[in-house]
Amino acid sequence: MSAEPIIETSGLRRIFKGRGGAVEAVAGVDMRVAAGDIFGFLGPNGAGKTTTLRILATLLPPTAGTACVAGFDVAREAREVRTRIGYVAQAGGSYRASTGREELIIQGRLFGMSKSDSVVRAAEILAALDLSDAGDRTCGTYSGGMRRRLNIGIGMVHRPALLFLDEPTTGLDPQARARLWEEIRKLRETGTTVFLTTHYLEEADALCDRLAIIDHGKIVAEGSPTELKREISGDVLTIGVNGHGEQVVKLMAAQPFVREAGLEDGLVRLYVDHGEQAVPQVLRLLDREGLAPSTMDLHRPSLDDVFLKKTGRSLRESAA
């Protein structure tokens, strides 16, 4: 990375102790996030995304390891960190009986702004998020997308250098999600670094300059979406073979045009150099064996393919 890091962690760990024993939610995370990026933490629920984010936001102490945010140690200099970050939790932070404008003004006052400056700043954020017409309505009347935009606005009031967004579009319809993506991109354009957690593959691919794929508390891959997908050469051919998966995998693995063959959830998955040439060859081979495929899907490598290759299972299935 060429830009200076705004987040650096080394050996970051968090262990929770309960009746069933100790659970290591974060298992040695090493990470650098460049200032000015949209950085994504991609993984299924329970992977350690939110726990890591809460440590970085000084809401949880680490069990071991170090983390610096905006140049300050999260354990020893929490107050300095908090003045430089914004944090938007999954549940949000707006009060249903308050108006959007009131919520923004209160947040500004909490960060030491004068009342007049808070009023001006609230108006700026309402305008930037296209909420001016709804600014004097109570938050309980807002749609899900409007509430999420307001919550991001609450996190932006004090102009933080870094904004943490925990699963910012969960539960939103596609139109509201796309609108929120636009607002997140605008934050980067104004120089704000955005660190977001998500289990949506499309969201990570569309938004993130760089991302880390996390599973069972460990980072299993890191890079730009393009770099990560480039690690999987060629095309991916997925075939339904009606219970003959192992037979077909063995057959296909012996073919020179197949880079890799495997079985996942009953489907044969082939990595090939040229999918359009591989399809007729595969069909001929299956016909020779007296097998007829029930389904066949050809696509370019996706982040789900990256997750599958690194962890042995599909992120789409894990998230579902």
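**Entry 1: Glu167**

I looked up Glu167 and found that, at 4% relative accessibility, Glu167 counts as buried, where buried means under 20% relative accessible area, exposed over 50%, and partly exposed in between, with a 1.4 Å probe and protein chains only. I note that this is a predicted model, in which local features need pLDDT of at least 70 and side-chain atom pairs count only at pLDDT 80 or more, while totals for chains, interfaces and linings use all residues. Residues are numbered from 1 along each chain as its sequence is written, and side-chain values use heavy atoms, with hydrogens and water left out.

I placed Glu167 in the loop between β7 (162-166) and α6; helices (H or I, at least four residues) and strands (E, at least two) are DSSP runs, numbered from the N terminus. The side chain of Glu167 makes a polar contact with the side chain of His199 at 3.2 Å, a polar contact being a pair of N or O atoms within 3.5 Å, of which, within protein, one must be able to donate a hydrogen and the other to accept it, and residues adjacent in sequence count only if both atoms are side-chain atoms. Leaving aside neighbours within four places in sequence, I listed the residues in contact with Glu167, among them Asn45, Lys49, Arg148 and His199, with contact meaning heavy atoms within 4.5 Å.

**Entry 2: Ser118**

I found Ser118 in helix α4 (residues 115-128), and Ser118 is buried, with a relative accessible area of 1%. The side chain of Ser118 reaches the backbone nitrogen of Arg109 at 3.5 Å. Not counting residues up to four places away in sequence, Ser118 touches Ile105, Gly108, Arg109 and Met113.

**Entry 3: two positive phi values**

I noted that phi of Thr58 is near 70°, a positive value in a residue other than glycine. Thr58 sits in the loop between α1 (49-56) and β4 (64-69) and is buried, with a relative accessible area of 10%. Phi of Asp265 is also positive, near 55°, and Asp265 lies in the loop between β12 (258-264) and β13 (267-272), but Asp265 is exposed, with a relative accessible area of 59%.

**Entry 4: α5 and α6**

I then checked helix α5 (residues 144-156) and helix α6 (residues 174-189), whose axes come within 9 Å and cross at roughly 15°. The two helices α5 and α6 are therefore roughly parallel to each other, since angles under 35 degrees count as roughly parallel, over 145 as roughly antiparallel, 65 to 115 as roughly perpendicular and the rest as oblique.

Terms used:
Axes fitted to C-alpha atoms, helices over the stretch in contact; angles between N-to-C directions.
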